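Hello,

Here is the structure I promised to pass on to you. Have a look at it first, and then read my notes below.

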Amino acid sequence: MNAWIIAIVTVIVAPFIGGFLAGIDRRITARLQGRFGPPILQPFYDFFKLLGKSKIAASRLQLMWIYAYLVLMITALLFLVLRLDILLMMFILGFAGVCFALGGFSSRSPYSHLGANRELMQMLAYEPVLLFLALGVYAQNGSFLISQIYASPTPLISRLWPIFIALLVILTIKLRKSPFDLSTSHHAHQELVKGIMTEYSGPYYALIELTEWYEIVLVLGIVSLFVANPLWVGIIIALAAYVLELFVDNITARMTVGWMVRFVWSVGVTLCILNLIWFWVFAAFKGVS
Amino acid sequence: MLPYNWMMAVAILLPVVAAVLVYIIRQYHVRGVIVILAAIALIVNSILFLLHGKDTFSPANAQMWNMVVTVLDYLILLFYIYVGISLKNWLVLIFALTQIIPLAWLEFGMGGSAALANVNPTFVVDHLAIVMTLVISIVGSLICVFAIRYMYDHEHHQHLEKSRQSRFLFWLVLFLGAMNGLVFANNLIYLYFFWELTTLICFQLIAHDLTKEAIGNAARALWMNSIGGTALIIAMIILFAKDVPMSLNGILSGGVASAVLLLPVALMCFTAMIKAAQLPFQSWLLGAMVAPTPVSALLHSSTMVKAGVYLVLRLAPAFAGTRLSVMIALVGAFTFMAASGLAISQTTGKRVLAYSTIANLGLIIACAGINTPLAITAAILLIIFHAVSKGLMFLCAGTIEHVIWSREIEDMEGLAAKAPMITTITAIGMLSMFLPPFGMLLGKWMALESASVIPLAAWLFVIASAAGIVFWAKWLGRLLQVLPKLGSKIESLSLSYTVPLWLLVLGIFGVGIGVASVYTGLVQNAVADVISSGQALAVQGWGLTVNGVSAVSSTANFAVGNYPVWPLFIVFAIAVLIPFIFVAIKPGELRPVYMCGEQAGGTDTDEWYSTADVKTKVQLGGYYFQGVLGEAALNPWTYTLSIVLMVIMFAVALLAIGGAL
């Protein structure tokens with residue numbers, strides 16, 4: 001029964017946290033750009049305003065896929081809070097991303113088509129790092145269960161810090177921040193319009209906003225796993241990582257898709273593999289002695 | 001219940017009889033009824049095998065059957081020589097000679113035929129063979145039913161003067177019998193015979209359309225698989241020279257093979273890898289797509305390539321714990337990665353499917369190389385799930401081809417509006433190939449969770465997995481690009497198309513939702529028959545739990561991973577199926593897409609005012625990255641690395657012998 005309560009509380013509370021963080025994002029970004037910025041609660045005002053707009057769409061299929069995007073994102077988050085299998089959680093997160101991309105493909109819009117293709121390239125870049133992270137968790141704990149991360153007295157970051165750095169790199173992609181805000185951006189860009197989100201408006205766009213809030217909580221939750229004991233340290237690290245991303249967003253310019261894939265694969269994937277090699281060698285030595 | 005010898009006869013000889021009948025009877029409807037009846041008989045028979053359980057069988061007139069097999073062996077090889085000479089294809093000729101000469105030497109020169117005749121039992125039907133015969137009989141039969149109408153339309157489109165459908169169905173139905181024989185065979189000469197028979201049928205089916213390309217590709221499939229046949233004969237010669245009983249049981253009886261036996265085991269795995277189109281031998285399977293689609297469906301899902309992974313799995317205990325095992329895992333994992341990467345650059349639907357098959361076979365072979373109970377479980381589950389999903393995918397590709405008369409992904413743009421039913425089925429098939437909650441992902445998940453013993457294999461899995469998302473999603477994306485309009489008409493298709501398609505969709509959900517029952521009722525026993533130690537997977541509540549020893553708490557039976565099967569299917573229903581049915585939209589809510597205010601017309605057009613106010617149609621295209629990921633760019637690397645891996649694989653087998661001496 002306990003699991004049900006945790007699940008229900010998560011589904012209700014997570015969007016508030018995510019929306020609040022999005023509000024802080026807008027405020028800090030504004031300050032960095034020498035503006036005053038909107039109220040912290042502005043994302044919520046926007047959300048309810050969007051809900052009141054008239055429903056319009058470019059095809060039925062795109063709506064179907066964004067519902068799937070929302071449901072799967074919530075499912076991935078539930079995997080985290082219910083402390084289930086981290087590898088499977090990554091696959092579900094991948095499914096959510098695929099649904100979002102398919103939503104972008106589901107109309108004959110050049111902008112959303114471009115954005116959807118870029119979204120897939122982003123997945124090609126970040127998916128290996130997320131899966132390597134799961135392998136790293138196994139290498140350290142001998143289990144893929146998130147509950148074991150909480151049970152372990154050794155924090156993940158002590159031995160998985162290279163993977164942690166790789167995670168920070170792909171956090172930029174997942175939060176759609178510069179230099180990797182390629183498929184869609186929080187800032188207006190002429191050649192992209194709103195990218196993969198171009199064809200959504202009104203209540204349907206509100207649905208995507210809601211999903212993004214869940215996603216913020218989820219990815220920061222993954223960051224916090226690196227210091228799961230005590231959890232408050234992990235949460236502080238996650239929030240610090242979030243603020244760091246805001247700074248990165250404001251001091252970098254958007255790069256090309258090809259550059260992103262090359263960068264993440266050469267830096268992120270290499271860090272992950274080196275980290276895992278270290279575990280392997282370590283295990284080999286332990287086996288010998 | 002049917003007597004056991006009758007069940008064996010139905011499994012192996014009934015397809016032969018049915019094949020001869022469809023060859024003789026040239027009426028479309030009668031022929032169709034025969035195929036359907038044979039299909040039903042095979043399906044029922046395979047279920048009888050499941051109910052009967054593990055058993056062995058030797059035919060009553062062993063001598064006569066041995067004679068038949070020997071004569072047919074030489075007839076097949078003589079036919080290869082004939083093919084080689086008549087096509088002036090020297091590779092076919094050379095590799096036919098490298099088979100027939102050593103085989104004759106083994107049987108008559110060394111006196112191996114007596115040893116081969118003494119093998120008892122001739123057939124061993126254990127649980128792995130039962131899994132295989134279920135896959136072959138059920139998926140294979142559905143494909144044969146699909147072929148009845150498909151070949152009719154195919155020839156109608158070709159405007160042939162004389163129908164060749166009888167010939168096609170003859171080989172197609174015969175294939176099922178050959179495969180059943182192959183997975184049951186224990187006697188190596190029977191194994192070799194059925195192995196060559198599948199190669200022969202494959203050649204005949206690929207060459208079916210008799211175009212220059214078809215014949216060339218068929219010849220390539222023939223000579224490549226003949227290399228495999230040669231390796232199998234050499235393995236038999238070594239086994240005979242070492243006084244090992246000439247049967248699979250004989251090789252496997254001693255557990256891990258002694259160092260001297262590692263070489264024949266490596267040779268047999270090599271044979272199997274060629275049949276499973278592992279790199280660098282992938283080109284025969286890629287070439288096979290020139291054949292009519294039911295051939296591809298059969299080759300890729302339930303027959304031919306599955307014979308390859310079957311043999312590697314069967315031999316897994318013989319190389320467990322050796323360096324050969326590590327190399328087999330790496331060859332498979334490398335193929336998984338390279339084929340997944342190459343699939344991104346493919347513009348033809350069937351070629352994407354072919355690369356995806358090669359990739360997934362690589363994954364299965366890698367699992368056999370990882371060689372833990374969990375990995376073997378993953379491999380057997382993958383064989384089942386892949387057969388169902390890939391069978392469906394090829395039948396979809398065939399149906400789409402007969403709707404739009406093209407195989408190019410770019411021509412499938414907006415198929416969701418033209419043919420909503422086949423698009424829906426195709427979408428289900430694609431999602432089932434790489435996403436949760438479906439079985440293929442379950443298998444991949446288990447493979448990754450078991451791969452920690454060979455870290456390099458796990459890393460290759462990760463990269464392959466990321467590439468897989470891209471090539472499936474971008475293809476599916478092309479099907480969905482529709483204009484904003486409502487109420488597309490559902491296309492009408494022949495029952496011979498729709499019945500197998502929907503049955504396979506049902507199968508995907510059936511084996512997916514019921515994976516716990518599939519595991520306990522079928523796969524668990526098969527794993528125990530392959531590798532008898534330990535049980536890695538437990539059914540717990542609504543899901544599957546992977547057990548192991550924890551590094552943290554060091555207690556036995558500690559959960560390593562957990563896969564909640566039913567909750568994930570419920571999530572899938574809420575996320576995808578319910579919106580698919582219930583998301584409604586009113587005509588007034590539709591708007592044309594955003595084109596910077598330059599649309600030319602309403603929602604029913606995709607034209608816009610281009611320069612000088614000329615009306616221009618929007619053109620969208622997929623990304624293929626030919627420059628970076630194309631065959632021309634990657635193949636030099638993939639060929640080099642895969643050949644190096646194969647050489648090292650043989651080197652470790654030879655080094656083991658050196659070490660033993």
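A word on naming before anything else: helices (H or I, at least four residues) and strands (E, at least two) are DSSP runs, numbered from the N terminus. With that in hand, B:Ala60 sits in the loop between strand E1 (55–57) and helix H3 (62–86) of chain B. Residue numbers start from 1 along each chain as its sequence is written, while chains are lettered from A and ligands numbered from 1 in the order in which they are written. Please keep in mind that this is a predicted model: local features need pLDDT of at least 70, side-chain atom pairs count only at pLDDT 80 or more, and totals for chains, interfaces and linings use all residues.

On confidence, the predictor gives the complex an ipTM of 0.93 and a pTM of 0.94. For chain B the mean pLDDT (the predictor's confidence in each residue, from 0 to 100) is 88, and 97% of its residues reach 70 or more.

Chain A has 10 helices and zero strands. Its radius of gyration (taken over C-alpha atoms; the globule rule is 2.2 Å times the number of residues to the power 0.38) is 19 Å, close to the 19 Å that the rule gives for 289 residues, so chain A is as compact as a globular protein of that length. The C-alpha trace of chain A spans about 70 × 45 × 40 Å along its principal axes.

Chain B holds 26 helices and seven strands. A compact globule of 661 residues would have a radius of gyration near 26 Å, and the 25 Å of chain B agrees with that. Its C-alpha trace spans about 85 × 75 × 55 Å along the principal axes.

For burial I count other C-beta atoms, placed from the backbone, within 10 Å of a residue's own: 20 or more is buried, 12 or fewer is exposed, and in between is partly exposed. By that count, 56% of the 289 residues of chain A are buried, and buried residues make up 58% of the 661 in chain B. B:Ala60 is exposed, with 7 other C-beta atoms within 10 Å.

Now to where the chains meet. Taking contact as C-beta atoms, placed from the backbone, within 7 Å, 56 residues of chain B are in contact with 59 residues of chain A. Helix H20 (439–450), helix H21 (455–479), strand E5 (558–563) and helix H24 (565–582) each give two or more residues to chain B's side. H21(B) gives the most, with 14 residues. That side divides into 43 nonpolar, eight polar and five charged residues (Ala, Val, Leu, Ile, Met, Phe, Trp, Tyr, Cys and Pro count as nonpolar, Asp, Glu, Lys and Arg as charged, and the others, Gly among them, as polar).

Helix H19 (residues 420–434) has 15 residues and reaches 22 Å from its first C-alpha to its last, close to the 21 Å expected (1.5 Å times one less than its number of residues). In H19(B), 12 of the 15 residues are buried, so this helix is largely enclosed by the rest of the structure. Its buried residues pack against several helices, including H20, H21 and helix H22 (495–513) of chain B.

B:Val523 is among the buried residues of H23(B), as are B:Leu522 and B:Ala526.

Best wishes

Terms used. Contact = placed C-beta atoms within 7 Å.
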